Amino acid sequence: MIVLRQLCLVRGKERLIDAASLQIGPGAKAGLTGANGSGKSSFFALFSGALEPEAGALEVPPQWTIAHVAQETPALSLPALEFVLDGDTELRALERALAQAEVEHEEHDRRAHENSGQEGERVGEKIAALHARLAEIDAYSARARAAELLHGLGFSNADCGRAVAEFSGGWRVRLNLARALMCRSDLLLLDEPTNHLDLDAVLWLEGWLKNYRGTLLLISHDRDFLDAIVDQILHIENGAMKRYSGNYSAFEEQRAAQLALQQALFVKQQREIAHLSRFVERFRAKATKARQAQSRIKALARMERITAAHVDTPFTFRFAAPEAAPDPLLTLTGASAGYDGVPLLRNLELTLRPGERVALLGKNGAGKSTLVKLLAGELAPLAGERQEGKGLALGYFAQHQLEQLRGDESPLWHLARLAPDVREQDLRDFLGGFDFRGDRVHQNVEIFSGGEKSRLALALILWRKPNLLLLDEPTNHLDLEMREALNLALQEYEGGVVLVSHDRHLVATTADTLLLVADGGLAPFDGDLDDYAAWLAARRERGNGAPPEQARSKEERRQARAQAASERQALLARRRPLVKEIATLEERLERWHGEQAQVEARLADPALYTADNKSELAGTLKRQAELAASIAEAEARWLEAHEALEALPQLD
């Protein structure tokens, strides 16, 4: 298990964690929470040795393998699948060792008359041991597991063969995540793994982490993600690290109860202090009461002061009422959108009204961001019409919004550009609601964290008093408190909202309408996010088949029924090769197992190890290794074929 013994962690002159002592058992899934700058990422750095504790100790079993997501990815020509496979370092080491051993074995065979039999035995035994270990770690299904990780994180089959250098920064982050998950680790450290993921990938990752057998330490600002995965919370506050049992919601309840008790004790103590202080002031100079007064002065001095419970958020903002409210705000009629004249979305029908809150669902690449760009006017429709209401004021937060900030300028400069005639104090007051206070308003944006840049981008959008907000992943890099502040502000907002977000809590508490972007179109999704998660799982199993029943028109449902017969034939066509392959593998395995028994019986004969039988021994050992490898590979493929067959829908 992981043990903290009076651990003290210091960054510069700031003491982040002070005298923390706790244990994290094997197999635990712990969420690490605390305000930005409280020391969460610095705590992770202790595990890699990038930081050392100021005092105390962090003890991790020395035999544990620790996996974490790399911060950078070089522009490699290596295919994505091979890059992910490199995450299993033991697998790669075994593969290299086996290749070297086979070279040695071939060299021995070429020079058999010069070498001793003992060398041949040694090489043969080494090859057999390597194959045995490869079988133990399920190496023969490693490529399939790596491909599954990539698919779950949104990569296509074609992407698996693309060079790492061809992917953009966000996709390289996903590659690093897949590589960390590929590692057969005892301890997995994940720092904001859902950044750069869409909702589909978040839901897949959530399922994967639920089944992870090692110890997990997770930093996340997604409360639903934490709730679904962790069984304990490690919370850092005011230099103290405290462990809470249960998920994030349970932590909130426990902490609220503790804060309420702390506040009650604080109030009680303040009454007692006031009573003692009044007695001292009244009777300090009175001879008959002097001794009693001194006694109360000592009691005051000995009293361990209880601090007032403090849960105030640093973020206090709300959307100003829009100056106009056209109805409708924006309309799409028969619109198509795409790039270079090629439509990705067709026949879009959408009317946005004041006060309407819409969330867009859909797999990565389905066209959610394309639709938002069309609504924002960044893309012109390839067909159909986009019509704005008179007085429309758009507020558009794009995924690339942070790139539009001037790194060499300050938050105050950015806001003053929008409002050159507004008093500086009013601008500072507004920025203070986003936790830009004091000298922070004059500092260059280039030194800001991703969360601070996101807060500034949102502040600039809110200042414009939009009546239609288009928010494409606005919570990336935002901490829990800022997300909650945005959530509350959106609930009170009077304008229209179109939201794309992997933060389910934000979607569930903000959106009134769910629209599905799928198969080149847009349709209502008649369900909630749990229904959407179930649909995604079903769609993944059937290989991205038809859209969900509730999101299809009556005409599409009629077409689906008409296709039922052909789908049955297609299902039979998919089942036949699997059934045939399983039968062939079973026949081969039976034959190989029989030969393996004969080989092992021969190896059990002491006469084989005499000097006269050295050549036969080497050949027998080689055949033993070959059989072991063939059997392991066939058994792995037999299991894959059975799983693939079972995953297919049952025939009626």
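The model is predicted, and a search of the whole structure finds 2 cavities of 30 Å³ or more.

**The second largest pocket**
- The volume of the second largest pocket is about 2100 Å³, and among the 49 residues that line this pocket, A144, E148, L149, W204 and R540 are the closest to its centre.
- Two or more lining residues come from each of helix 5 (142–152), helix 7 (169–182), helix 8 (199–210), helix 18 (529–541) and helix 21 (614–647), and helix 8 provides the largest share, with 8 residues.
- Sorted by class, the lining of this pocket holds 20 nonpolar, 16 charged and 13 polar residues.

**The largest cavity**
- The largest cavity contains about 80 Å³ of space, and its lining is made of H221, R223, L480, R483, E484, N487, D503, H505 and L506.
- Helix 16 (480–492) and helix 17 (504–510) are the elements that give two or more residues to this lining, with helix 16 giving the most, 4 residues.
- The lining of the largest cavity comprises 4 charged, 3 polar and 2 nonpolar residues.

**The second largest cavity**
- About 60 Å³ of space lies in the second largest cavity, which is lined by residues including D198, L199, D200, K368, E473, H502 and Y532.
- The elements that contribute two or more residues to this lining are helix 8 and strand 12 (357–361), while by class the lining divides into 5 nonpolar, 4 charged and 3 polar residues.

Terms used. Residues are numbered from 1 along each chain as its sequence is written. This is a predicted model: local features need pLDDT of at least 70, side-chain atom pairs count only at pLDDT 80 or more; totals for chains, interfaces and linings use all residues. Side-chain values use heavy atoms; hydrogens and water are left out. On a 1 Å grid over the protein atoms alone, a cavity is a set of points where a 1.4 Å probe fits but cannot get out, and a pocket is an open set with protein on both sides within 12 Å along at least five of seven lines; lining residues have an atom within 4 Å of a point. Grid points are joined across faces, edges and corners, and a volume is the space filled by probe spheres set on the points. Ala, Val, Leu, Ile, Met, Phe, Trp, Tyr, Cys and Pro count as nonpolar, Asp, Glu, Lys and Arg as charged, and the others, Gly among them, as polar.
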